[in-house]
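Here is a short briefing on a protein chain, written for a first look at its fold. Please keep the sequence and the structure in view while reading.

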Amino acid sequence: MKCLLVDDHGLIRDALAMLISQRCPDVPLRFAASLAEAQDALRTEPDIDLVLLDLQLPDSRGVATVSAVCHCTHTAQVVVLSAEEHASIAQDCARAGAVGFIPKRADFSALDAALAAILQPDLALAPSQAPEPAEDDMLGLTHRQVDVLRLLIEGKSNKLIARALDLSESTIKTHVQAIFERLGVKTRAQAVVAAAKRGWRLTSDAT
């Protein structure tokens, strides 16, 4: 696997590169600080398998950035790294072709877990594997599980979710596993995309 990091902030690129190198030392890394550089890299190296993409670049903003990158490759998976954390943004990115969405404000452990899953192709969620919308609105999730999913989408770790909901961390782990089973996913990043593809707009007043 070859990975392209697209972000105009050098510190973020360096931090991601260090994390990926520690997690998957055999993954070659390429870098781009703009949409134009990313497009050039994808044309020059068509064997790039994964693009970690910031939505806000000097020459492109928002979901249009995802569309432009996806149009340059038929093989690479595009995962968005965004300061925008709302499910509606993740949904728009998924519709544009992204297969993953990681909030930049996610704590280190959550980011590490998401990247670890994404960097294993057998666990990546391709568009054709995304679950179809169910007839029941929330797939039988309880109100408490919806609360957990909302906070998960915001990038919070199990510890922070437990603190926010005044529950034990073991209880949160149980809820997260139940959510994964309902959504048919294996990772937090996949859960964000699955919720977005279903059109779920989980706001801070979800109960």
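**The chain as a whole**

In the protein chain, 68% of the contacts with a separation of 6 or more are between residues 24 or more positions apart; contact means heavy atoms within 4.5 Å. This is a predicted model, in which local features need pLDDT of at least 70 and side-chain atom pairs count only at pLDDT 80 or more, while totals for chains, interfaces and linings use all residues. Residues are numbered from 1 along each chain as its sequence is written, and side-chain values use heavy atoms, with hydrogens and water left out.

- The secondary structure of the protein chain comes to 9 helices and 7 strands; helices (H or I, at least four residues) and strands (E, at least two) are DSSP runs, numbered from the N terminus.
- Of the 207 residues in the protein chain, 55% count as buried, where buried means under 20% relative accessible area, exposed over 50% and partly exposed in between (1.4 Å probe, protein chains only).

**Confidence**

- The protein chain has a mean pLDDT of 80, and 76% of its residues reach 70 or more; pLDDT is the predictor's confidence in each residue, from 0 to 100.
- Within the protein chain, helix H2 (residues 35-44) has the highest confidence, at a mean of 96, and helix H5 (residues 108-118) the lowest, at 64.
- Residues 121-136 stay under 50 in pLDDT, and the model has 23 contacts for them beyond four places in sequence.
- The pLDDT is also below 50 over residues 203-207, a stretch with 8 contacts in the model beyond near neighbours in sequence.

**The sheet**

- Five strands form an open sheet in the order S2-S1-S3-S6-S7, with parallel pairing; two strands pair if DSSP finds at least two bridges between them.
- Strand S2 (29-32) and strand S7 (100-103) are at the edges, each with a single partner strand, so one side of each has no neighbour in the sheet.
- From one strand to the next, the twist averages 20°; angles run from 0 to 180 degrees between N-to-C directions, and axes are lines fitted to C-alpha atoms, for helices over the stretch in contact.
- Strand S3 (residues 50-54) pairs with strand S6 (residues 77-82) in the parallel sense over 5 bridges, and aspartate 54 stands opposite leucine 81 in S6.
- Helix H1 packs on the sheet and touches strand S1 (3-6), S2, S3 and S6, with its direction at about 170° to that of S2.
- Helix H3 (residues 63-70) also packs on the sheet, where it touches S3 and S6; its direction makes about 155° with that of S3.
- S6 and S7 run parallel and are joined by 4 bridges, with glycine 100 in S7 as the bridge partner of valine 79.
- In a regular strand the side chains alternate between the two faces of the sheet.
- In S7, Gly100 and Ile102 point one way and Phe101 and Pro103 the other way, and all are buried.

**Glycine 10**

- Glycine 10 lies in helix H1 (residues 10-23) and is partly exposed, because its relative accessible area is 29%.
- The C-alpha atoms of glycine 10 and alanine 32 are separated by 9.9 Å, and the two residues are 22 residues apart along the chain.

**Two helices in contact**

- The axes of helix H7 (residues 158-165) and helix H8 (residues 169-183) come within 9 Å and cross at roughly 110°.
- H7 is therefore roughly perpendicular to H8; angles of 65 to 115 degrees count as roughly perpendicular, under 35 as roughly parallel, over 145 as roughly antiparallel and the rest as oblique.
- Asn158, Lys159, Ile161, Ala162 and Leu165 of H7 make the contact with Glu169, Ile172, Lys173 and Val176 of H8.
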